[in-house]
Amino acid sequence: MAFLHIEALAKRFPQADAPVFEHLNFSIERGEFVCILGHSGCGKTTVLNILSGLDEASAGTVVMDGREVRGPALDRGVVFQSHALMPWLSALKNVEFGVRSRWPEWSRREVEAHSIKTLEMVGLAHALHKKPHELSGGMKQRVGIARAFAIQPKMLLLDEPFGALDALTRGTIQDELMQIVAATQQTVFMITHDVDESILLADRILLMSNGPRAQLAEIVEVALPRPRDRHTIHHDPRYYRIRNHLVDFLVNRSRAFAAPEAGHAPAVVNPGSDIPEPQAA
Amino acid sequence: MTTLRKPWLAPLLSVLLLAFLLGVWQLAAQPETTVVDPGLDPEYAALIGAAAAGGGQSAMPTPGEVGGKLWAHLTDPFYDRGTNDKGLGIQIGYSLARVLAGYLIAVALAVPLGFLIGMSPLAYRALDPYIQVLKPISPLAWMPLALYTIKDSGTSAVFVIFICSVWPILVNTAFGVASVRRDWLNVARTLEVSPLRTAFTVILPAAAPTILTGMRISIGIAWLVIVAAEMLVGGTGIGYFVWNEWNNLSIANIIVAILVIGVVGMALDTMLARLARAVSYRE
Ligand SMILES: Nc1ncnc2c1ncn2[C@@H]1O[C@H](COP(=O)(O)OP(=O)(O)OP(=O)(O)O)[C@@H](O)[C@H]1O
Ligand SMILES: [Mg+2]
């Protein structure tokens, strides 16, 4: 069985006529980086909240590492869309807050050392004692990532972590995230609006149709070799095949996607698989 | 800005204004030695004081006289010559002790209760009618009931301080706790932080500025109310001092007491403002 297994997942908010999404079936393997792409309001955050345990599904099951997910737990680290740092704590204290919960038996020294190490990983060694309001948007998001990462979760859940950042900062943090994830074999589930970001980061991209009654329409495999480089990845002819496929889905097909029946497994596509791997120059 | 380039300007204006007001006061309170009204109503004379009515000396003291009295009080604040003649320091001490006792009891009760109301919509709905009815009651209205049930006048004053301090703290705490950002609570949940630790490490610091706003309002009200309460119950305290000096018709002493009440009130407010700044945060 896969590391994370989701079966027949549906969510209907009270007082809503139709479920936000239904019949969601997919799996994530250990060490995989999966992005979910879909129009605003299709229920991406709701899916992530159910995976994190902050929200409950109306139907269906989530099984992670052989255990059913019930409520939030330390084996899943969450990076929130709005960073959600505590403004009265310094960057370091924000990270320590999580670390202390994860290892309550650790001494103050150990907690601090581990937190500093994690903040250094995201390039914030110089800003340990700054309060969130003294940090730029990108730095705040880095602290959020460090806080989630420091507890060494089995799975990292990111809700559009770079949505509010400018392109340059976004690129830098994407690189950092990619490095950390590669080095630690971290399993990641990430929401994004950005097609290029998803191709750069993901092993597979889940495409959701529009809500209400959103479905998992397709799973796109990104067979580009790693390590990937932001500056050269678009030289690969397969890149544009994948990109065109994603954009085509978002623009043309996401709305008209017909709802299949309960047991349906989404189609798996691998755009550009017919193109041979380019030879290194 | 000009005020920034001349930092001495505002204090200078303050001092000039003070000098002007003291000057007006001095002129208005000048003893009128010239006119003695022969047809003075004896009853009126008795009422406003023989000296004033006689015109030899105004009942309104001059700034100099008040200054002298103030100096006398400040240099010897703790003398004790019987029940009706104690130093200003002793009287302020009594008042402060009552205010602090009633206020601290109010904090100890209102903060936890406010937490409960803020966290539980059920508790909020159950207690809201009581709060709405009890809040607008003038604290002094409780005084007779307190005197009747508690019997001790000093304790009754403490009770009145308690009852007037409790509402702003309660309401502000409940509001602060209820409006803690959902995100921060979710962070605590995903990190499996226990409810007690969440209360102390997330909700308390998040709501602290709002709680302190309530505490600051309360200490102000308590200091306003203690003067009136002590005028009623008598015995000791700055309120009683003012009332007693009114009976002695010592306007100079009353003015000194008014000044001291103002300064102490300002000190209390400044202390809580400092505390509020210490727990405030910027988002
Ligand atoms: N607590 C709630 N109560 C009722 N409806 C909700 C609630 N939360 C979300 N919804 C609805 O569920 C739908 C999906 O919301 P969700 O936040 O998951 O979308 P999303 O895909 O994350 O959108 P975006 O890309 O804009 O973040 C929306 O139509 C929203 O109105
Ligand atoms: Mg969302």
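**A cavity and its surroundings**

The residues that line the largest cavity of this predicted model fall into six nonpolar, two polar and two charged. On the chain A side you will find A:Arg76, A:Gly77, A:Val78, A:Phe80, A:Arg147, A:Ala148 and A:Ile151, while chain B brings B:Val187, B:Thr190 and B:Leu191.

Which elements do these residues come from? At least two residues of the lining come from each of β6 (76-79) and α4 (137-150) of chain A, and from α10 (182-190) of chain B. The biggest share is that of β6(A), which gives three residues.

A search of the whole structure for cavities of 30 Å³ or more turns up one.

Now step back to see how the two chains meet. Here 21 residues of chain A are in contact with 19 residues of chain B. Together the chains bury about 1,900 Å², and 67% of that area is on carbon and sulfur atoms. Within chain A, the residues losing the most area to chain B are A:Trp88, A:Phe97 and A:His133, which together account for 33% of what that side buries.

What kinds of links join the chains? There are zero salt bridges between chain A and chain B, but five residue pairs are in polar contact. On the side of chain A that touches chain B, β6 and α2 (91-102) each supply at least two residues. Helix α2(A) gives the most, with four residues. By class, this side of chain A has 13 nonpolar, five polar and three charged residues.

Conventions:
Residues are numbered from 1 along each chain as its sequence is written. Chains are lettered from A and ligands numbered from 1 in the order in which they are written. This is a predicted model: local features need pLDDT of at least 70, side-chain atom pairs count only at pLDDT 80 or more; totals for chains, interfaces and linings use all residues. Side-chain values use heavy atoms; hydrogens and water are left out. On a 1 Å grid over the protein atoms alone, a cavity is a set of points where a 1.4 Å probe fits but cannot get out, and a pocket is an open set with protein on both sides within 12 Å along at least five of seven lines; lining residues have an atom within 4 Å of a point. Grid points are joined across faces, edges and corners, and a volume is the space filled by probe spheres set on the points. Ala, Val, Leu, Ile, Met, Phe, Trp, Tyr, Cys and Pro count as nonpolar, Asp, Glu, Lys and Arg as charged, and the others, Gly among them, as polar. Contact means heavy atoms within 4.5 Å. Buried area is the accessible area (1.4 Å probe) that two parts lose on being put together, summed over both. A salt bridge is a side-chain nitrogen of Lys or Arg within 4 Å of a carboxyl oxygen of Asp or Glu. A polar contact is a pair of N or O atoms within 3.5 Å; within protein, one must be able to donate a hydrogen and the other to accept it, and residues adjacent in sequence count only if both atoms are side-chain atoms.
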